[in-house]
Amino acid sequence: MLPNDLKERGLFDPKILPKFYYRDDGILIWNAIRSYVYRVAENFYDSQEEIENDNELHLFRHTLTKSVESGGCGLKDVPGDDNAGITDLEQIVDIFTTIIFISSAYHAAINFPTYEQCAFTPNFPVNLRGSIPNNKKPRTELDVIRTLPTKDDTLKIMTLTRALSTFKSSSLGNFDVQYMYNRACVDALKEFRTELKKVAGTIDQRNRLRTVSYTVLHPDNIPNTTAI
């Protein structure tokens, strides 16, 4: 979960690490997704007992935590219990919020700046030539140039990263196919889109005050999936 991850790495407090825009904007997106997931999930369960008796839900968690060698996903720290499975609504919300956030916002934050980072090869060379240095002997500029990718490789890297960084999907909350027609779920989606517009306004305002704009977590720039 994003908040827990930031806290565990000592990155949650803006006083300790100011101008960490991934955290600042990411928390807004996380909270919007979590509110949406909660509204949808609570519509399907009237009691904790129903959750505890949902075998499909428990098998889903088991698949998430089961080792890759055994046909699972091998995930760690999944909310719930290995024996009791998922036991309350908060655990459901945390699991699906994490899945949606990683598949949309986290992917956007990692993927779309790729070209900006890699287009100037010395900043982020995708591959290096020669052997890895094993001593602290001084290197010359020529040594560095001989280590960097060739011109042909650089062109390929720029072409690939440019394609990867191009936004081609529908933005978060604007699903290509509607699967849920239940009134509560439809209303939850409307509220989600409204909340994302508020988040967009907040990020726009922040970017006007930032030295360098951070746009990868603007709701308009976050795809619904990891598709590229």
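These legends describe close-up views of a predicted model. Local features need pLDDT of at least 70 and side-chain atom pairs count only at pLDDT 80 or more, while totals for chains, interfaces and linings use all residues. Residues are numbered from 1 along each chain as its sequence is written, and side-chain values use heavy atoms, with hydrogens and water left out.

**View 1. A nonpolar surface patch built by Phe44, Val177, Tyr179 and Met180.** The patch covers about 450 Å². Patch residues have over 30% relative accessible area and no salt bridge; nonpolar side chains (Val, Leu, Ile, Met, Phe, Trp, Tyr) are joined within 5 Å, like charges within 9 Å. Areas come from the Shrake-Rupley method with a 1.4 Å probe, and for residues only the protein chains shown count as cover. Met180 sits in the loop between α8 (151–164) and α9 (183–209). Helices are DSSP runs (H or I, at least four residues), numbered from the N terminus. With a relative accessible area of 31%, Met180 is partly exposed. Buried means under 20% relative accessible area, exposed over 50%, and partly exposed in between.

**View 2. A patch of negative charge on the surface, formed by Asp46, Glu49, Glu50 and Glu52.** Asp and Glu count as negative, Lys and Arg as positive; His and the chain ends are not counted. Each charge is placed at NZ of Lys, CZ of Arg, CG of Asp or CD of Glu. Glu52 belongs to helix α3 (residues 48–52). Its relative accessible area is 39%, so Glu52 is partly exposed.

**View 3. Salt bridges Arg9–Asp5 and Arg23–Asp24.** A salt bridge is a side-chain nitrogen of Lys or Arg within 4 Å of a carboxyl oxygen of Asp or Glu. The structure holds 9 of these salt bridges. Arg9 and Asp5 meet at 3.0 Å, N to O. Arg9 is partly exposed at 49% relative accessibility, and Asp5 is partly exposed at 30%. For Arg23 and Asp24 the N to O distance is 2.8 Å. Arg23 is buried, at 3%, whereas Asp24 is partly exposed, at 21%.

**View 4. The salt bridge between Asp82 and Arg61.** The closest N and O atoms are 3.1 Å apart. Asp82 lies in the loop between α4 (55–65) and α5 (89–111) and Arg61 in helix α4, so the pair ties together parts that are 21 residues apart in sequence. Asp82 is exposed at 67% relative accessibility; Arg61 is buried at 5%.

**View 5. A salt-bridge network of Asp25, Arg206 and Arg210.** Shared partners join these residues into one network.

Methods:
Helices (H or I, at least four residues) and strands (E, at least two) are DSSP runs, numbered from the N terminus. Buried means under 20% relative accessible area, exposed over 50%, partly exposed in between (1.4 Å probe, protein chains only).
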